[in-house]
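User: I'm new to this and would like to know where the labels come from. Can we go through it together?

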Amino acid sequence: MTASEGRSLAELARLLGGEVLGDATLIVTDVAPLDTAGPSDLSFLANPSYLQRARESRAGAVLAGPGIDLGGRTALVVPDPYLALAVVLELYHPSPPIKAGVSREAVVGFQCHIDEAAEIQPRAVLGDRCRIGAGTKIGSGAVLGTGVTVGRDTTVHPNATIYDGCVLGDRVIVHSGAVIGSDGFGYAMEKGRRRKIPQVGIVSVEDDVEIGANATIDRATFGATVIGRGTKIDNLVQVGHNVVLGEDCVLVAQVGLSGSVKVGRRTVFAGQSGAVGHIAIGDDVTVGAKSAVTRDVPSGSFLIGHPAIEAGAWKRAAAIFARLPELRRRLMRLEGRRGDDEGQDTGSED
Amino acid sequence: MTASEGRSLAELARLLGGEVLGDATLIVTDVAPLDTAGPSDLSFLANPSYLQRARESRAGAVLAGPGIDLGGRTALVVPDPYLALAVVLELYHPSPPIKAGVSREAVVGFQCHIDEAAEIQPRAVLGDRCRIGAGTKIGSGAVLGTGVTVGRDTTVHPNATIYDGCVLGDRVIVHSGAVIGSDGFGYAMEKGRRRKIPQVGIVSVEDDVEIGANATIDRATFGATVIGRGTKIDNLVQVGHNVVLGEDCVLVAQVGLSGSVKVGRRTVFAGQSGAVGHIAIGDDVTVGAKSAVTRDVPSGSFLIGHPAIEAGAWKRAAAIFARLPELRRRLMRLEGRRGDDEGQDTGSED
Amino acid sequence: MTASEGRSLAELARLLGGEVLGDATLIVTDVAPLDTAGPSDLSFLANPSYLQRARESRAGAVLAGPGIDLGGRTALVVPDPYLALAVVLELYHPSPPIKAGVSREAVVGFQCHIDEAAEIQPRAVLGDRCRIGAGTKIGSGAVLGTGVTVGRDTTVHPNATIYDGCVLGDRVIVHSGAVIGSDGFGYAMEKGRRRKIPQVGIVSVEDDVEIGANATIDRATFGATVIGRGTKIDNLVQVGHNVVLGEDCVLVAQVGLSGSVKVGRRTVFAGQSGAVGHIAIGDDVTVGAKSAVTRDVPSGSFLIGHPAIEAGAWKRAAAIFARLPELRRRLMRLEGRRGDDEGQDTGSED
């Protein structure tokens, strides 16, 4: 995490397609937050609520979007500051190179195919017949079951667990503690007790997926639970058995999707939201935080609430919710004047 | 997870107490989902919303409940398709046999009693004085503290953790990443700061319990947190210290039960619901998804909401919630005609 | 977890600054719950709802607060029974002493500084350049990345994971399965797809913090995610990147804080609550269970709901929510008598 050598602001501007306001010869040696950045650091401003902090920062320069008034401070103005931030962080903090090879402290089963450009760290455990692609890193304490297939340039962080038969694509990131392929939660009733339905399917994680720490993705009862290419899953998310998530979806922390939910492309579930089982949710849907989707959702919808309804309608209703006591008093007043009381709480005015 | 040899549909019908509609001589070689099943596969239909998919499936036959019109397709009709599915999946995908013995790569403490028919996988760690029954499997990376007792035919999946002194019964399944026996969340205030109350109790997990991936069950402050026989706990569920769960309960994913909650038998908490501490919840209660139980609940109740109220009442109220803006306009109209305005939002009509 | 030798009730009373009602010569040999305590056990009563159980208990004596009528049963009356409980549990169940030294079964990287009074258990993995203080215990299966710094008298329980560069203070407790320093959830859009923003900051956990089982705390994009001194975090809590939590806060189980939230001192989030990103929450705030904080919150507030509003207002509104169907009927009656119907559900009375 140490920064590499310095680059001038002019050089960074060329790289990022941006424009320097102020001293373009400044040598930037690292990237740092507004409140701790020093005179040779580039800092970052995207959220306008931090404007005052940006003005007061000791940063040598601030990376910002167009049209932001930094009060004369040196700025590197770019069309998309988040994208520029990604680029400069990669530049100043490149990922450490992989240490190719299988640690003698790792446990590797029979008939595994491990590319010689893969890194298997100490204490990793691979079951029989695993396949690991080039550039892939399996962290310490990670456990892969029998017949797990992992593509190229994928990282399985320490203490993650992948059950038997699951498949991970290329450039996948699985964070620590994530569990992929645990049994789906399915039982049949038999004489008043629950009999486990064997869960014999797999989880298929496509390319460019990221799965957060301690997230859990259940294997299919049969067939596959699918996480589509480019989908990003945050920490502590639960994905039930036989869920099919399309490409480029986002599941923010602590989301829970029940079994057999089908989700289209580019759909976003905000934090702590969820969906009941066996429903179909379209493309480009947004589900608000803490919301519960209880029925099929057409593409392009924006839903909030429990049950989730159209976001605008929910917001108007939620604004009135807080005023229910007042509405009730007004209703009582109308009733009281007319002398027709229905409830126990009205009508004593005349 | 590879399927075993084929069986005729007639043979399966006899085994399941079902009836064949169509060609009973068909040899079934595996079980598969509707959309990927081929001509020698048996597929499965329980949810009527998949009826169209069942009609279009290439499956050789479909396992289904009575009275479903599959349009002439070969069917194996059974009284309870879920139970039948459990049976055929066990038949075609039997669990791999246990590999009895203690891996040389495992770490085993002093004075442990491990049945010779138990499997201790590489990298498992057992503290001193653990007892492991016959047919039990302790997975790679699983860590058992001091004095943990595990019964027969139990599976502790890789990277699960069982703290000191906890007890697991027979035929228990603990999925990866689950933590059993972590400290209860209890502090006393002392001069404005929190002083930890030592948590010296245990967790007792009775027979036939299943505990999901990354679920957490806290040990009792003193005494025992109890998970009753046959109770099924899904992924990422939190069970607080001194909770006592009765037999055959179900906690769906991401449920949270606060400390000292007492739950009867056969009670079901749907996903992301919860209960405040120190309350008693009866038998056969259903708590809806995302609901928060805040007081004692009599047996047989069905509750939804935050706070959780009787389900029918909640559903009626939730349906009106979305129409609050309309109700308010109607109230304003009544007020406006009468000229008695209370709020800032009314009464400009006359 | 075995109790040490006995002490008389009089001796305990002196130690705790309490008063004995009844036989002060009773020798107490252990501490036990009301329903399992025997004649030489001290039990505990703080919640008045357990009064009947306390009266019926076989405990030799009951630890209780002032003014509780135990019906003649021997009692040890103390000003603060929770604090007294903490003291007696420490007395009767002292933590086992640390087994100083680095297990030969542990993996330790280059240039680590491990105090000789620290315990590194079998199967623990430490990356290069870690620093471990005296009295600290790193449990089996715990994985520390490169350059992790841990203070004195800290416990990292088995199978916890600490990513590169994170810092833990003194007397910190990290429970099993917790993940500290996983990547923040940050992406930039690039041609319709998400490009990962490298997360190059750290997590700084200050002294006397406790972090629950399977909790996740993301590293900062740059700079540090900070958990302030004395803050207590329960199981399955999510803390996003760049969150700054003040001292002595409490996050109950399954809370989720989005990125860049700033929280003051002594603020409490009840179970399953959350906060959206980039907001500032003051000191001594209480957020109710399942609530969602969506904007800045001044110190001393008590909020509930989604969105979270002032607790009293929420409680009044929530009480009316259940009666919405009745309010609507009353509104319809008023409208019906007047003959001015707006919706489809009114006005047929005259």
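**A helix and its neighbours**

Analyst: Let's start with helix α3 of chain B, residues 81–92. Its 12 residues reach 16 Å from the first C-alpha to the last, close to the 16 Å expected at 1.5 Å a residue (1.5 Å times one less than the number of residues). This is a predicted model, where local features need pLDDT of at least 70, side-chain atom pairs count only at 80 or more, and totals for chains, interfaces and linings use all residues. Residues are numbered from 1 along each chain as written, with chains lettered from A and ligands numbered from 1 in written order.

User: Which residues of α3(B) are buried?

Analyst: P81(B), A84(B), L85(B), A86(B), V87(B), V88(B), L89(B) and Y92(B). Each has 20 or more other C-beta atoms within 10 Å of its own.

User: What covers them?

Analyst: The cover includes β22 and β23 of chain A, plus α1, β4, β5 and β6 of chain B. α3 also gives two or more residues to the side of chain B that touches chain A, as do α4 and α5.

User: How many residues does the contact between chains A and B take?

Analyst: 54 from chain B and 52 from chain A, where contact means backbone-placed C-beta atoms within 7 Å.

User: How do you know the relation of chains C and A is a three-fold axis?

Analyst: A rotation of 120 degrees with 0.0 Å of shift superposes C on A, RMSD 0.0 Å, and that is the three-fold relation.

Key: Copies are superposed by least squares on the C-alpha atoms of residues with pLDDT of at least 70 in both. Helices (H or I, at least four residues) and strands (E, at least two) are DSSP runs, numbered from the N terminus. A residue is buried if 20 or more other C-beta atoms lie within 10 Å of its own, exposed if 12 or fewer, and partly exposed in between; C-beta atoms are placed from the backbone. Two residues are in contact if their C-beta atoms, placed from the backbone, lie within 7 Å.
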